[in-house]
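Here's a quick tour for anyone meeting this structure for the first time. Have a look at the model, then read on.

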Amino acid sequence: MQEIEKATLHICGKKIELPVRTGTEGETAVDISRLRERAGVITLDNGYGNTGSCESTITYIDGDRSILRYRGYPIEQIAAHSDFVETAYLVIYGELPNAAQRVTFSNLLTENSAIHERMVYLFESYPRDAHPMALLSAMVNALACYYPHLATNNHARDIVNFDEAAASLISKVRTITAMAYRMSRGLPIIYPRRKLRYCENFLHMMFSEPYDPYECEPVVGRALNLILLLHADHEQNCSTSTVRMVASSGANLFASAAAGVCALWGPYHGGANQAVIEMLQEIHAEGDDGSRFIAAAKAGKRRLMGFGHRIYKNYDPRAKIIGKSCGELLDHLGVNDPLLDIARKLEATALNDGYFIERKLYPNVDFYSGIMMRAIGIPLNMFTVMFAIGRMPGWVANWREVASNKSRIYRPRQIYTGHAIRDFIPEENRG
Ligand code: CMC
């Protein structure tokens with residue numbers, strides 16, 4: 001980061017000069033990292049809307065101009081020409097792989113696709129109806145128990161084994177997800193097949209039967225690749241900054257990624273894809289064409305799920321890509337989903353409504369992704385897990401940046417607004 005000028009702050013009778021720094025695309029930041037030391041004050045930024053927590057070389061977003069780039073490549077080009085595995089390599093290692101690198105990476109994913117056989121018993125101890133996100137976070141964290149050589153909590157050592165740990169996580173998370181699905185339905189576990197590609201292998205583990213292998217239509221494989229690669233990274237969102245926060249304490253990749261899964265689960269983040277379908281189902285069941293729901297959202301009684309974004313104050317470029325592919329997938333599969341019609345009506349209404357225009361609320365990636373996943377046969381309670389599989393390369397890349405750069409531990413401050421000092425009250429005197 002280059003220093004371009006100084007900003008002057010007059011505070012508490014002092015004049016403080018603060019470096020102003022700029023990144024590759026000219027985005028500008030006032031560096032306040034020494035402000036407290038020099039002026040005795042901190043900055044307050046509820047929800048971190050104005051706080052840059054790190055420097056990163058992975059993803060660039062300009063939310064006003066609908067721009068998303070992984071390692072400099074526009075998301076539209078990646079969506080048109082790449083697949084999930086190649087995108088994962090790009091996000092993690094910084095460059096598109098050449099043919100040999102691609103083969104090595106694919107082989108590493110294949111070699112690490114199975115989970116330790118004893119982990120299967122873990123699934124059995126959970127209730128059948130356990131939410132797959134709770135299971136996923138537990139299982140990702142449990143990887144540290146079964147593969148301790150990849151999770152020493154010593155960054156220098158963990159970085160030496162990074163390639164294996166990264167491939168293990170990206171590959172096993174798919175196996176864990178499919179196993180959770182099969183177990184929850186009392187179905188026999190289907191093991192990964194070496195010859196299948198990443199997305200096809202996932203669908204095989206989900207939907208094959210021992211006597212009836214699942215045949216993956218190319219259009220379905222492509223749709224799943226698209227969904228996953230569109231989620232591969234999104235700079236310092238809630239889950240990714242959680243991953244970095246945990247990593248900054250020196251924690252290993254599996255622990256950091258498990259924390260990311262937990263942060264992703266909430267309905268304002270990754271849980272939104274499930275919430276969108278629940279909202280569309282509710283609108284459909286009530287015979288509403290969306291107008292009543294929009295009115296309730298404008299009155300502050302409901303939230304139009306899949307709409308709005310902290311960063312995008314214009315169309316989420318991922319939503320544009322996925323909205324188009326969603327229609328194409330459903331047409332190809334001959335699926336007539338009434339929820340797609342409701343979603344389109346909601347979108348058209350909201351985009352022309354003053355409330356949404358004023359607040360710059362546009363569809364985000366979650367608005368259409370659920371409809372695609374439904375068409376592929378993925379159950380509703382697994383949508384956020386699919387987001388987690390897609391986001392794994394981003395978490396891995398961000399963990400690596402923290403682990404290899406000897407970052408300081410993340411430790412924000414606060415403004416205390418509780419009681420002033422008071423004397424302890426013995427129990428018999430309490431009201
Ligand atoms: N429906 C109705 N009103 C909304 C919505 C919405 N989806 N989103 C924001 N608003 C209103 C909000 O009520 C507020 O209005 P006012 O200024 O009158 O109080 C204004 O817009 C600003 O909202 P905010 O809550 O301050 O915005 P934020 O940046 O804190 O929140 C958000 C961003 C994504 C959490 C929010 O837009 C939201 O809850 N959207 C629905 C959930 C969703 O789709 N989340 C997925 C995000 S994309 C996937 C990911 O990266 O996680």
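Helix H3 (residues 84-93) has nine of its 10 residues buried, so the rest of the structure largely encloses this helix. Keep in mind that you're looking at a predicted model.

**Helix H3**

- The buried residues of H3 are Phe84, Val85, Glu86, Thr87, Ala88, Tyr89, Leu90, Val91 and Ile92.
- After H3 comes Gly94, and its phi is positive, near 95°.

**The chain as a whole**

- Counting up the secondary structure gives 19 helices and six strands.
- The chain's radius of gyration is 23 Å, close to the 22 Å that the globule rule gives for 431 residues, so the chain is as compact as a globular protein of that length.
- Along its principal axes, the C-alpha trace spans about 80 × 65 × 55 Å.
- Of the 431 residues, 42% are buried.
- Take the contacts between residues at least 6 apart in sequence: 71% of them join residues at least 24 apart.

**Domains and how they meet**

- The chain splits into domain 1 (2-62), domain 2 (73-269 + 379-404) and domain 3 (279-376).
- Between the C-alpha centres of domain 2 and domain 3 there are 27 Å.
- Each side puts in its share of the contact: 13 residues from domain 2 and 13 residues from domain 3.
- On the side of domain 2 that touches domain 3, the elements giving two or more residues are helix H2 (75-81), helix H10 (218-230) and H19.
- H10 gives the largest share of that side, with seven residues.
- By class, that side of domain 2 has 11 nonpolar residues, one polar and one charged.

**The ligand**

- Which residues are closest to the ligand? They are Ala272, Leu304, Gly308, Arg310 and Asn364, out of 21 residues that surround the ligand.
- Why does the ligand lie between domain 2 and domain 3? Both domains give residues to the shell around the ligand, so that's where the ligand sits.

**Two helices side by side**

- Helix packing is described by two things, the angle between the axes and the distance between them.
- For helix H6 (residues 132-146) and helix H19 (residues 383-404), the axes come within 8 Å and cross at roughly 35°.
- Pro132, Met133 and Leu136 are the H6 residues here, and they meet Thr384, Val385 and Ala388 of H19.
- That contact of H6 with H19 has five nonpolar residues, one polar and no charged ones.

**Leu229, a residue in H10**

- Leu229 lies in helix H10.
- Is Leu229 buried or exposed? Leu229 is buried, as it has 27 other C-beta atoms within 10 Å.
- Setting aside neighbours within four places in sequence, Leu229 is in contact with Ile78, Ala79, Ser82, Asp83, Phe84 and Thr87.
- One of those, Ala79, is 150 residues away from Leu229 along the chain, yet their C-alpha atoms are separated by 7.2 Å.

**Ala29, a residue in a strand**

- You'll find Ala29 in strand E3 (residues 28-30).
- Ala29 is partly exposed, with 16 other C-beta atoms within 10 Å.
- Apart from neighbours within four places in sequence, the contacts of Ala29 are with Arg21 and Gly52.
- Glu3 is 26 residues from Ala29 along the chain, and their C-alpha atoms are separated by 9.5 Å.

- A negative phi is what most residues other than glycine have.
- Arg71 has a positive phi, near 50°, and isn't a glycine.
- Arg71 sits in the loop between strand E5 (67-70) and strand E6 (73-74).
- Arg71 counts as partly exposed, because it has 19 C-beta neighbours inside 10 Å and being buried takes 20 or more.
- Glu235 is another residue other than glycine with a positive phi, near 40°.
- Where does Glu235 lie? Look in the loop between H10 and helix H11 (238-248).
- Glu235 is partly exposed, with 16 other C-beta atoms within 10 Å.

How values were computed:
Residues numbered from 1 in each chain as written. Predicted model: local features only at pLDDT ≥ 70, side-chain atom pairs only at ≥ 80, totals over all residues. Near = placed C-beta within 6 Å. Domains from an automatic or database assignment. Helix = DSSP H or I, 4+ residues; strand = E, 2+ residues; numbered from the N terminus. Rg over C-alpha atoms; globule rule 2.2 N^0.38 Å. Buried ≥ 20, exposed ≤ 12 C-beta atoms within 10 Å, placed from the backbone. Contact = placed C-beta atoms within 7 Å. Axes fitted to C-alpha atoms, helices over the stretch in contact; angles between N-to-C directions. Nonpolar A, V, L, I, M, F, W, Y, C, P; charged D, E, K, R; others polar.
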